[in-house]
Amino acid sequence: MPEESTWRSVFRNDLFKGKVALVSGGGTGIGKSIVIELASLGATVVISSRNEEKCHKAADELNALGFSGKVAAGPSTNIRKEEDIQKLISHVVERYGALDILVNNAGGQFISDSADISKRGFQAVVETNLQGTFLMCREAFNQYMRDNGGSIVNITIGNRNGMPGMMHSAAARAGVENMTASLCVEWIESKVRINCVRPGIIFTESGFENYGPAGEYFLEKIVPSLPAKRLGSAEEVSSAVVWLLCEGAGYVTGSVICVDGGGSYVALPLVEIEDKTNLPTYGYLPMKAKL
Ligand SMILES: CCCCCCCCCCC/C=C/C(=O)SCCNC(=O)CCNC(=O)[C@H](O)C(C)(C)COP(=O)(O)OP(=O)(O)OC[C@H]1O[C@@H](n2cnc3c(N)ncnc32)[C@H](O)[C@@H]1OP(=O)(O)O
Ligand SMILES: NC(=O)C1=CN([C@@H]2O[C@H](COP(=O)(O)OP(=O)(O)OC[C@H]3O[C@@H](n4cnc5c(N)ncnc54)[C@H](OP(=O)(O)O)[C@@H]3O)[C@@H](O)[C@H]2O)C=CC1
């Protein structure tokens, strides 16, 4: 297993030479891992998030590692704001002359029972994850990719069984996957491929800090239920992203790759259901069929 400090990529080291990439939320976690791959494979990578200072710090740290590509921080961008997105995409196209690759990684949510989510709370999560991803795709297409082609990857979230405790995000991400299916057909004439990577539960410091004690719950209750019996790493997500972005995936568009250690195919105990819970029975059931 590679050490964190020396890990780069399993791919050919000039794979993205001369390409310009934009990774939203590229200063932390999974996004940062995607940036390391792309820059170590020769791309010029622009990173953006709401916190511009954090992006500058990450860019300096990554450039000090001596990649063949380069990392640069873009202007502060809140993907909930259309004008921020328009400015970010213009900045990349004007300053670097292209936008060949877009990774919509920025996103997030809060944990809550659905019954307690306010209208604004629901809107905030949908605006971030569904509307934000749409607007980034639309601007990248209208400002560059329509005439020049390109490749887009949207990061979603395990949503095959819904996601009790984070319903708003799972619904928004399912929307992103469905949007991707429409866009892959609409934009194929422009030689734009668009796909999704759907991570399961991935250890990232920033991500887990955000959840406080719920992070511990993931480790204690959810890990034993995962077929892989462990969390995923950010690097396991970024290598799937890079494969989708590269020319070897030239016939792949509209797809969703799950990076989840098989977690989509088992029922994860995302919320605790009390033992006394029993749906009213219609017909006959022997006692042994109930808890
Ligand atoms: C035991 C539980 C198990 C749960 C299931 C586990 C499954 C795990 C698998 C998935 C793991 C996923 C990991 C990750 O995604 S890692 C990335 C984590 N990082 C983030 O999420 C950060 C980004 N998130 C945000 O910025 C926010 O969550 C948000 C998108 C909502 C934006 O917040 P912001 O503060 O900017 O929002 P507003 O100020 O505009 O407020 C809008 C309304 O939203 C309400 N809100 C915001 N935060 C919360 C909260 N923590 N709890 C409840 N409500 C919240 C806020 O109150 C506003 O509504 P009102 O005006 O009505 O109050
Ligand atoms: N870790 C996990 O288990 C999983 C994560 N994911 C998804 O993967 C992506 C990366 O997560 P991860 O690396 O773990 O966590 P991070 O918290 O490190 O990444 C989220 C990034 O998104 C940026 N961001 C959040 N909201 C906005 C916004 N409104 N506008 C612009 N940028 C924003 C953040 O930067 P800033 O705060 O500076 O804006 C941050 O860099 C997210 O979409 C997450 O939901 C999906 C499944 C599982």
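User: By class, how many nonpolar, polar and charged residues are in the shell around ligand 1?

Analyst: The shell around ligand 1 has 11 nonpolar, 9 polar and 1 charged residues. Ala, Val, Leu, Ile, Met, Phe, Trp, Tyr, Cys and Pro count as nonpolar, Asp, Glu, Lys and Arg as charged, and the others, Gly among them, as polar. This is a predicted model, in which local features need pLDDT of at least 70, side-chain atom pairs count only at pLDDT 80 or more, and totals for chains, interfaces and linings use all residues. Residues are numbered from 1 along each chain as its sequence is written, while chains are lettered from A and ligands numbered from 1 in the order in which they are written.

User: Which residues are the closest to ligand 1?

Analyst: A residue is near a molecule if its C-beta atom, placed from the backbone, lies within 6 Å of it. Ligand 1 is surrounded by 21 residues, the closest being Gly108, Phe110, Ser118, Gly165 and Gly207. Two or more residues of this shell come from each of helix 4 (119–148), helix 6 and helix 7 (213–222). Helix 4 gives the largest share, 5 residues. Helices (H or I, at least four residues) and strands (E, at least two) are DSSP runs, numbered from the N terminus.

User: How many residues surround ligand 2?

Analyst: Ligand 2 has 29 residues around it, and the closest are Gly25, Gly29, Gly107, Ser206 and Gly207. Helix 1 and helix 6 (205–211) are the elements that give two or more residues to this shell. Sorted by class, the shell around ligand 2 holds 8 nonpolar, 18 polar and 3 charged residues.

User: How many residues of strand 1 are buried?

Analyst: A residue is buried if 20 or more other C-beta atoms lie within 10 Å of its own, exposed if 12 or fewer, and partly exposed in between, with C-beta atoms placed from the backbone. In strand 1 (residues 20–24), 5 of the 5 residues are buried. Val20, Leu22 and Ser24 point one way from the strand, Ala21 and Val23 the other way.

User: In which sense does strand 1 pair with strand 2?

Analyst: Two strands pair if DSSP finds at least two bridges between them. Strand 1 pairs with strand 2 (residues 44–48) in the parallel sense, over 5 bridges. Thr44 is the bridge partner of Val20 in strand 2. From strand 1 the chain passes through helix 1 (residues 29–40) to strand 2, a right-handed β-α-β crossover. Right-handed here refers to a path that runs clockwise from the first strand over the helix to the second, with the strands pointing away from the viewer. Strand 1 also pairs with strand 4 (residues 101–104) in the parallel sense, over 3 bridges. There, Ala21 has Ile101 as its bridge partner.

User: Why does Ile155 count as buried?

Analyst: Ile155 counts as buried because 27 other C-beta atoms lie within 10 Å. Ile155 lies in strand 5 (residues 150–155). Two residues are in contact if their C-beta atoms, placed from the backbone, lie within 7 Å. Leaving aside neighbours within four places in sequence, Ile155 is in contact with Ile30, Asn104, Asn105, Gly107, Val197 and Pro199. Ile155 and Arg198 are 43 residues apart in sequence, yet 5.9 Å apart in space, C-alpha to C-alpha.

User: How many residues does the protein have, and what share of them counts as buried?

Analyst: The protein has 291 residues, of which 41% count as buried. Its C-alpha trace spans about 70 × 40 × 35 Å along the principal axes.
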